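Subject: Structure handover

Hello,

Please find the structure below. My notes on what was found follow it.

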Amino acid sequence: MLRIVCIILFSFLAVSCKTTPVNTTPHANKHSYPVTSLKNSSWNVPSVASRGLMDYPKLTFTFKETEISGFSGCNRFRGSYTVLDSRLEIDELITTRKLCSKVVMFQEYLLLNELKKTLVLSMTDNRVIQLTNNTGEVTILSMQ
């Protein structure tokens, strides 16, 4: 009996945790603007692919001239990037190889997987950038 109750509770949890993509293409919001450069800027990452994240550890990006680096929750990463026509493309990233809790590693997996995609950049104000993938899921960057 306890096993059946646990299965039912887990099923409800799994269904309630499902995220629904929001249509947030860069031009859907009439108050968004294209982004043409990320040079010399640092950002926090409060959500990845339309999913909220834990407050700790903070995920971060730093963009230099042509290099991106950051912290993905457990490991540090770096690589090169380009911004062309408001599209962010990141070349293969190099990461450290630490092992953390499953939850933190899952967040890290989401972020690093998202960065493999071509992302459309739009700025909603001068402190928030949206990175939209080809399925409409949005990763949010907020200025540090």
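**Strand 2 and Ser47**

Ser47 lies in strand 2, which covers residues 41-48 (strands are DSSP runs of E of at least two residues, and helices runs of H or I of at least four, both numbered from the N terminus). This is a predicted model, where local features need pLDDT of at least 70 and side-chain atom pairs pLDDT 80 or more, while totals for chains, interfaces and linings use all residues. Residues are numbered from 1 along each chain as its sequence is written, and side-chain values use heavy atoms, without hydrogens and water.

Ser47 has a relative accessible area of 12%, so it is buried (buried is under 20%, exposed over 50%, partly exposed in between; 1.4 Å probe, protein chains only). Neighbours within four places in sequence aside, Ser47 is in contact with Gly52, Leu53, Val138, Thr139 and Ile140 (contact means heavy atoms within 4.5 Å).

**Aromatic residues**

There are 4 aromatic pairs in the structure (rings of Phe, Tyr and Trp, the last by its six-membered ring, with centres within 6.5 Å; planes under 30 degrees apart are stacked, over 60 edge-to-face, the rest tilted). Phe61 and Phe63 form an edge-to-face pair, because their ring centres are 5.9 Å apart and their planes stand at 75°. Phe61 is buried at 0% relative accessibility, and Phe63 is buried at 1%. Ring pairs join Phe61, Phe63, Phe77 and Tyr81 into a cluster.

Regards
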